[in-house]
Amino acid sequence: MITTGGLLGTLEAFSASVPTSFLPSLNLSQYALVRVLKKFGACPQSMDWNEYTKINEDLGNLSEGSAIMEMGRYAKIVDENENLCAKFVEDFSRMALVVPNDAEQKKFSAYVGSSGADEIVDILKERWELF
């Protein structure tokens, strides 16, 4: 599965043992979840905005609305630059052809359980104070 890192789709894929790759985040909660997954080694294959443009170092501290606007700006930069857009398409195509090693995703799923929502929310609260 290829996703932006939304909580529900990610947990469903992990719970069903579907190897999952991640596109650049479109909002703060996706950004936070992908960071958590990377910390746990459960994000072996992903694309990040910082591979295409300089990102706001304070992105994780923005409000959800401000983060959405900022990530929209990153997408616009990529879309409007022929070389960056070509790199994005090439990276996506490469990612789509390779099934990631999902061993750590399975471990993460076992750690958070089949629902996982409470555990993820606790992790996100602790780091980003999102809720």
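Student: What share of the contacts with a separation of 6 or more comes from residues 24 or more positions apart?
Tutor: In this predicted model, such residues account for 63% of those contacts in the protein chain.

Student: And which pattern does the chain follow along the sequence?
Tutor: The pattern reads β-α-β-α-α-α-α-α, with six helices and two strands.

Student: Changing topic, how many aromatic pairs are there?
Tutor: The count comes to eight aromatic pairs. In one of them, the ring centres of F40 and F108 are 5.1 Å apart and the planes stand at 70°, over the cut-off of 60, so the pair is edge-to-face.

Student: Where do F40 and F108 lie?
Tutor: F40 is in the loop between α2 (28-39) and α3 (64-80), and F108 is in helix α5 (residues 103-112), so the pair ties together parts that are 68 residues apart in sequence.

Student: Is F108 buried or exposed?
Tutor: F108 is buried, with a relative accessible area of 3%, whereas F40 is partly exposed at 31%.

Student: What about W49 and Y74?
Tutor: Their ring centres are 6.3 Å apart and their planes are at 55°, so this pair is tilted. It links distant parts of the chain, as W49 is in the loop between α2 and α3 and Y74 is in helix α3, 25 residues apart. W49 is buried, at 10% relative accessible area, and Y74 also counts as buried, at 0%.

Student: Which residues do ring pairs link into a cluster?
Tutor: The cluster consists of F14, F22, F40, F108 and Y111.

Conventions. Residues are numbered from 1 along each chain as its sequence is written. This is a predicted model: local features need pLDDT of at least 70, side-chain atom pairs count only at pLDDT 80 or more; totals for chains, interfaces and linings use all residues. Side-chain values use heavy atoms; hydrogens and water are left out. Helices (H or I, at least four residues) and strands (E, at least two) are DSSP runs, numbered from the N terminus. Contact means heavy atoms within 4.5 Å. Rings of Phe, Tyr and Trp (its six-membered ring) pair if their centres lie within 6.5 Å; planes under 30 degrees apart count as stacked, over 60 as edge-to-face and the rest as tilted. Buried means under 20% relative accessible area, exposed over 50%, partly exposed in between (1.4 Å probe, protein chains only).
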